[in-house]
Amino acid sequence: MTETLTIWSFDWVPPGPRGFVRDLRLRWAAEEAGLDYAVGTVAFEDRQASHFERQPFGQVPFLTDGDITIFESGACLLHLARKSDVLMPRSARGEAETLQWVIAALNSIEMVSVPWWFLQLSGDRENGMAGWLDSRLTHIEGILADRAWLVDDRFSAADLMMADVLRVPDVRGRGDRPATEAYLQRVLARPAFTKARADQLAHFAAADTRRAAG
Ligand SMILES: N[C@@H](CCC(=O)N[C@@H](CS)C(=O)NCC(=O)O)C(=O)O
């Protein structure tokens, strides 16, 4: 079968972000849905105009699907979710709630967790984002204490995005949140996640080998 989907990532990244580069969200979704896809690369170190034409911030991921090019991991994930009811229930309510939770993961959790993470990485001991992050994590803990999955009592793109945001080790290790931890163990045990993560690690390991060979 000819692949019409290409998930774009960097040709190489330093070791730190490997396993967390956001093309993993799209690899994972495609694996869940059984969609055929290729992985394309753009240069990490020398970002080209052709990269900015497809991702205006010079980031990854972006996705090409035939003549459609789309960026933002959330938008790309929802684009893929329209192709498979594995990723999004087909009821009007199920679709609406999937959209809601994908956006909540990005705009209510990641919007706080990423700046918090950067501040704590920079050694800011008075990290002013900590209370805000803890409040968001506490609220999501309350939600996950009552349900196994975010939408329709089954896995969806909402869980994929929420788990990917919450699995960042410094975020996951913050406080004692048993329902969140059980949720992460449940979602991250999915074979599609394991494969997507292994494929991303292999992709960057192959890049190391190429660089070492000159
Ligand atoms: N909001 C964007 C964030 C993308 C993002 O942060 N990408 C990272 C890799 S995971 C990146 O490209 N970092 C390099 C940079 O920002 O220069 C999305 O969800 O797609």
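The protein chain splits into domain 1 (5–85 + 192–212) and domain 2 (92–189), with bounds that come from an automatic or database domain assignment. This is a predicted model, so local features need pLDDT of at least 70 and side-chain atom pairs count only at pLDDT 80 or more, while totals for chains, interfaces and linings use all residues. Residues are numbered from 1 along each chain as its sequence is written, and side-chain values use heavy atoms, with hydrogens and water left out.

Taken over C-alpha atoms, the centres of domain 1 and domain 2 sit 22 Å apart. Domain 1 puts 16 residues into the contact and domain 2 puts in 18, contact being heavy atoms within 4.5 Å. Together the two domains bury about 1,400 Å², and carbon and sulfur atoms give 67% of that; buried area here is the accessible area (1.4 Å probe) that two parts lose on being put together, summed over both. On the domain 1 side, the most area is lost to domain 2 by Phe 20, Arg 25 and Trp 28, which together make up 40% of what that side buries.

Polar links also cross the interface. The rule picks out three salt bridges between domain 1 and domain 2, where a salt bridge is a side-chain nitrogen of Lys or Arg within 4 Å of a carboxyl oxygen of Asp or Glu. It also finds five residue pairs in polar contact across this interface, both residues at pLDDT 80 or more. A polar contact is a pair of N or O atoms within 3.5 Å; within protein, one must be able to donate a hydrogen and the other to accept it, and residues adjacent in sequence count only if both atoms are side-chain atoms. As for where the domain 1 side comes from, helix 1 (23–33), helix 3 (73–81) and helix 9 (191–212) each supply at least two of the residues that touch domain 2. Helices (H or I, at least four residues) and strands (E, at least two) are DSSP runs, numbered from the N terminus.

The salt-bridge count comes to 16. Arg 25 lies in helix 1 and Asp 164 in helix 6 (residues 157–166), so this pair ties together parts that are 139 residues apart in sequence. The closest N and O atoms of the Arg 25–Asp 164 salt bridge are 2.6 Å apart.

Most residues other than glycine have a negative phi, and most peptide bonds are trans. The Val 60 to Pro 61 peptide bond, however, is cis, with omega near 5°; Pro 61 falls in the loop between helix 2 (49–54) and strand 3 (62–65). Glu 72, although not a glycine, has a positive phi of about 80°, and Glu 72 belongs to the loop between strand 4 (68–71) and helix 3.
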